[in-house]
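Subject: Structure handover

Hello,

Here is the structure for you to look through. Please open it first, then read my notes below.

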Amino acid sequence: MIPRWVGGVAAVGALLVVVPLVALAARVDWPNFWALISSESSVAALLLSLRTSAVSTLLCLVVGVPLALVLARAGFPGINLLRSLVLVPLVLPPVVGGIALLYTFGRRGLLGESLEVAGVQIAFSTTAVVLAQTFVALPFLVISLEGALRTAGTRYDVVAATLGARPTTVLLRVTLPLVWPGLLSGTVLSFARCLGEFGATITFAGSLQGVTRTLPLEIYLQRETDPDAAVALSLVLVAVAVLVIGLTRRSRSAL
């Protein structure tokens with residue numbers, strides 16, 4: 001049973017989130033809503049955000065699942081330091097992440113100089129958007145999946161291995177199905193974080209229409225020139241995020 005005071009504090013917390021969203025919806029110029037969100041630059045920014053967020057989330061899965069497995073199941077000197085470094089983007093200001101990426105992949109960066117010689121330019125390109133989104137979103141997948149792996153334990157994995165299953169078979173047919181809800185949650189959180197990424201993107205990728213100008217950057221620019229369009233696009237971003245989270249919760253309930 002929950003004490004009444006807990007419910008009261010929870011209500012205040014909920015209002016801190018809900019009231020600003022209601023205020024945003026109330027500020028929308030509804031009669032001109034479609035015209036505000038259907039401009040060429042707005043549609044291009046939305047489509048670019050969806051494409052890059054999907055690719056970034058896939059990249060998070062490719063590198064994040066093995067990383068979470070290592071952090072949850074392996075033991076070696078320095079693993080706690082590795083975990084701390086992987087989770088740093090959670091607390092790091094995104095613009096700092098953008099600067100770090102710029103000094104890594106920029107023309108004079110740690111790797112960028114060699115890439116430039118090879119004819120590969122990453123900074124201020126769509127690839128830079130994907131890398132910026134992946135950098136800030138990867139910890140969300142890792143922390144969700146690592147927690148699920150620790151909760152699931154290794155009992156069923158050991159049984160499968162004892163019966164002769166190879167490590168890869170154990171991973172694909174036992175481990176990952178057991179932690180599927182955690183993996184799904186981490187994937188959705190990563191996608192949502194990619195969709196809302198701003199600071200690292202504008203620092204590392206710039207704001208080139210159709211190339212690097214994602215929806216958050218478009219909203220920022222529209223705020224200076226057309227506040228009504230900025231509000232309408234902000235509501236679109238909120239709606240997409242709510243839709244993604246809602247569909248995921250529905251999928252988890254069906255499992």
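A word on terms first: helices (H or I, at least four residues) and strands (E, at least two) are DSSP runs, numbered from the N terminus. By that rule the chain has 13 helices and zero strands. Its pattern along the sequence reads α-α-α-α-α-α-α-α-α-α-α-α-α.

Two notes on the source. This is a predicted model, where local features need pLDDT of at least 70, side-chain atom pairs count only at pLDDT 80 or more, and totals for chains, interfaces and linings use all residues. Residues are numbered from 1 along each chain as its sequence is written, and side-chain values use heavy atoms, with hydrogens and water left out.

The whole chain

The C-alpha trace spans about 65 × 65 × 30 Å along its principal axes. Burial is judged by relative accessible area: buried means under 20%, exposed over 50%, and partly exposed in between (1.4 Å probe, protein chains only). Of the 255 residues, 38% count as buried. Contact means heavy atoms within 4.5 Å. Take the contacts between residues at least 6 apart in sequence: 74% of them join residues at least 24 apart.

Helices H3 and H12

How do the axes of H3 and H12 cross? Axes here are lines fitted to C-alpha atoms, for helices over the stretch in contact, and angles run from 0 to 180 degrees between N-to-C directions. H3 covers residues 40–73 and H12 covers residues 215–225. Their axes come within 8 Å and cross at roughly 150°. That makes H3 roughly antiparallel to H12. For the wording, angles under 35 degrees count as roughly parallel, over 145 as roughly antiparallel, 65 to 115 as roughly perpendicular and the rest as oblique.

On the H3 side, the contact uses Ser41, Ser42, Ala45, Leu46 and Ser49. On the H12 side, it uses Leu215, Pro216, Glu218 and Gln222. By class, that gives four nonpolar, four polar and one charged residues. The classes are simple: Ala, Val, Leu, Ile, Met, Phe, Trp, Tyr, Cys and Pro count as nonpolar, Asp, Glu, Lys and Arg as charged, and the others, Gly among them, as polar.

Look at Ser49 in H3. Is it buried or exposed? Ser49 counts as buried, at 1% relative accessibility. Leaving out residues up to four places away in sequence, Ser49 touches Leu195, Thr214, Leu215 and Pro216.

Thr57 also sits in H3. Thr57 is buried too, with a relative accessible area of 6%. With residues up to four places away not counted, Thr57 touches Thr187, Ser190, Phe191 and Cys194.

Now go to Leu217 in H12. Its relative accessible area is 1%, so Leu217 is buried. Beyond its neighbours within four places in sequence, Leu217 is in contact with Glu197, Phe198, Thr201, Ile202, Gly206, Ser207 and Thr212. Leu217 and Gly199 are 18 residues apart in sequence, and their C-alpha atoms are 9.0 Å apart.

Helix H10

Gly182 is in helix H10, residues 180–196. Gly182 is buried, with a relative accessible area of 15%. It touches Ser144, Leu145 and Ala148, again not counting residues up to four places away. Gly182 and Gly196 are 14 residues apart in sequence and 21 Å apart in space, C-alpha to C-alpha.

Two loop residues

Trp30 lies in the loop between helix H1 (4–27) and helix H2 (33–37). Trp30 and Asp228 are 198 residues apart along the chain, yet their C-alpha atoms are separated by 9.8 Å.

Phe124 is in the loop between helix H6 (112–117) and H7. Its phi is near 60°, a positive value in a residue other than glycine. At 42% relative accessibility, Phe124 counts as partly exposed.

The largest pocket

Which residues lie nearest the centre of the largest pocket? They are Leu101, Leu131, Thr134, Phe135 and Leu138, out of 14 lining residues. Helix H4 (79–91), helix H5 (94–105) and helix H7 (126–152) each give two or more residues to the lining. The lining divides into eleven nonpolar, three polar and no charged residues.A pocket is found on a 1 Å grid over the protein atoms alone: it is an open set of points where a 1.4 Å probe fits, with protein on both sides within 12 Å along at least five of seven lines, and lining residues have an atom within 4 Å of a point.

Best wishes
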